[in-house]
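Here are my notes for you to read beside the picture. Take them one at a time and find each spot as you go.

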Amino acid sequence: MSTTTYIVKGMTCGHCVSSVKEEVSEVAGITSVEVDLAGGLLTVNSEGPVDRAEIAAAVEEAGYELAGQA
């Protein structure tokens, strides 16, 4: 099990949180996704390491920007 937390820019509401969760949940190997709107944080639990580029692409598909790891 692997847990990684990222910083996401641009989220402003509950719909933003839902969009990010939905897109990131579709990445292969992801077991759970938590989004903290107030802190702009995305916590991803996975079966093993997941390529950061895949997470970034999913966040961008939702309309936001992955700003780095927390």
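Leaving aside its neighbours within four places in sequence, which residues is Met11 in contact with? Keep that in mind for point 1, and remember throughout that this is a predicted model.

1. **Met11 and its neighbours.** The residues Met11 touches, with those up to four places away in sequence set aside, are Cys16, Val20, Val35, Asp36, Leu37, Gly40, Leu41 and Tyr64. Met11 itself sits in the loop between S1 and H1. Its relative accessible area is 11%, and since buried means under 20%, Met11 counts as buried.

2. **The overall layout.** Stepping back, the protein has two helices and four strands. Read from the N terminus, the elements go β-α-β-β-α-β.

3. **Size and packing.** The C-alpha trace spans about 30 × 20 × 20 Å along its principal axes. A compact globule of 70 residues would have a radius of gyration near 11 Å, and the protein has 11 Å, so the two agree. Buried residues make up 41% of the 70 residues. Take the contacts with a separation of 6 or more: 61% of them are between residues 24 or more positions apart.

4. **The two helices.** Two packed helices are described by the angle between their axes and the distance between the axes. Here helix H1 (residues 14-25) and helix H2 (residues 52-61) pack at about 140°, with axes 8 Å apart. Angles over 145 degrees would count as roughly antiparallel, so H1 and H2 are called oblique to each other instead. The crossing of H1 past H2 is right-handed.

5. Leu41 belongs to strand S3 (residues 41-46). Is it buried, partly exposed or exposed? With a relative accessible area of 27%, Leu41 is partly exposed. Not counting residues up to four places away in sequence, Leu41 touches Thr5, Tyr6, Ile7, Met11, Glu34, Val35, Asp36 and Ala70. The C-alpha atoms of Leu41 and Ala56, 15 residues apart along the chain, are 13 Å from each other.

6. **Arg52 in H2.** Arg52 is part of helix H2 and, at 37% relative accessibility, counts as partly exposed. Beyond its neighbours within four places in sequence, Arg52 is in contact with Tyr6, Leu66, Ala67 and Gly68. For Leu66, 14 residues away along the chain, the C-alpha separation from Arg52 is 9.3 Å.

7. Finally, look at Met1, in the segment before strand S1 (2-9). Its relative accessibility is 76%, so Met1 counts as exposed. Met1 still has contacts beyond four places in sequence, with Thr31, Asn45, Ser46 and Glu47. From Met1 to Gly40, 39 residues along the chain, the C-alpha atoms are 23 Å apart.

Terms used: Residues are numbered from 1 along each chain as its sequence is written. This is a predicted model: local features need pLDDT of at least 70, side-chain atom pairs count only at pLDDT 80 or more; totals for chains, interfaces and linings use all residues. Side-chain values use heavy atoms; hydrogens and water are left out. Axes are lines fitted to C-alpha atoms, for helices over the stretch in contact, and angles run from 0 to 180 degrees between N-to-C directions. Angles under 35 degrees count as roughly parallel, over 145 as roughly antiparallel, 65 to 115 as roughly perpendicular and the rest as oblique. A crossing is left-handed if the near helix is turned anticlockwise from the far one by less than a right angle, and right-handed if clockwise. The radius of gyration is taken over C-alpha atoms; the globule rule is 2.2 Å times the number of residues to the power 0.38. Buried means under 20% relative accessible area, exposed over 50%, partly exposed in between (1.4 Å probe, protein chains only). Contact means heavy atoms within 4.5 Å.
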